[in-house]
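Here's a quick briefing on a few side chains worth a look.

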Amino acid sequence: MIKSIASVALALLAVMPAHAGNQTGRIKTITIRASDGLVYFVLENAHQDKPACATGDYWMIKDENSAAGKRQLAVLIAARSMGQPVTAIGPGTCTRWADGEDLNELYM
């Protein structure tokens, strides 16, 4: 019985997501680079629970050409223009840029 409980616990740990960050605040900057289309933004307040790879203070839209990435950018622009805070939640990865956490969810 104890062995099976331990096995289930280990299995659950194996499928849990990586350490993901979160942050709530007004948007300080949005940067869109012409050279490669990279979109990143900075929020007020501290980036909480960020993964070790996210040494920068910014969030990255993982794929700015995808439908989701375009919608994320639209929400960012709307929130910035209205002065509204957003909440960014990441997946715990830095795939788009080595030191900025990828954006997974965005709330306004």
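Two rings of Phe, Tyr or Trp (its six-membered ring) count as a pair if their centres lie within 6.5 Å. In this predicted model, the structure holds one such aromatic pair.

**The aromatic pair**
- The partners are tyrosine 40 and tyrosine 58, with 5.3 Å centre to centre and 55° between the planes.
- That geometry makes the pair tilted, because planes over 60 degrees apart would count as edge-to-face and those under 30 as stacked.
- The pair ties together distant parts of the chain, 18 residues apart: tyrosine 40 belongs to strand β3 (residues 39–43), while tyrosine 58 is in the loop between β3 and β4.
- Tyrosine 40 is partly exposed, at 22% relative accessible area.
- Tyrosine 58 has 19% relative accessibility, so it counts as buried, the cut-off being under 20%.

**Arginine over a ring**
- Look at tryptophan 97 and you'll find arginine 33 lying over its face, 4.7 Å from the ring centre.

- You'll find glutamate 64 in the loop that runs between β4 (59–60) and α2 (67–82).
- With a relative accessible area of 14%, glutamate 64 is buried, because that value is under 20%.
- Its side chain makes a polar contact with the side chain of arginine 96, at 2.9 Å.
- Leaving aside residues up to four places away in sequence, glutamate 64 touches Asp36, Gly37, Leu38, Val39, Gly69, Lys70 and Arg96.

How values were computed: Residues numbered from 1 in each chain as written. Predicted model: local features only at pLDDT ≥ 70, side-chain atom pairs only at ≥ 80, totals over all residues. Heavy atoms only, no water. Helix = DSSP H or I, 4+ residues; strand = E, 2+ residues; numbered from the N terminus. Buried < 20%, exposed > 50% of the residue type's maximum accessible area, 1.4 Å probe, protein only. Polar contact = N/O pair within 3.5 Å; in protein donor to acceptor, adjacent residues only side chain to side chain. Contact = heavy atoms within 4.5 Å. Lys NZ or Arg CZ within 6 Å of the ring centre and 35° of its normal.
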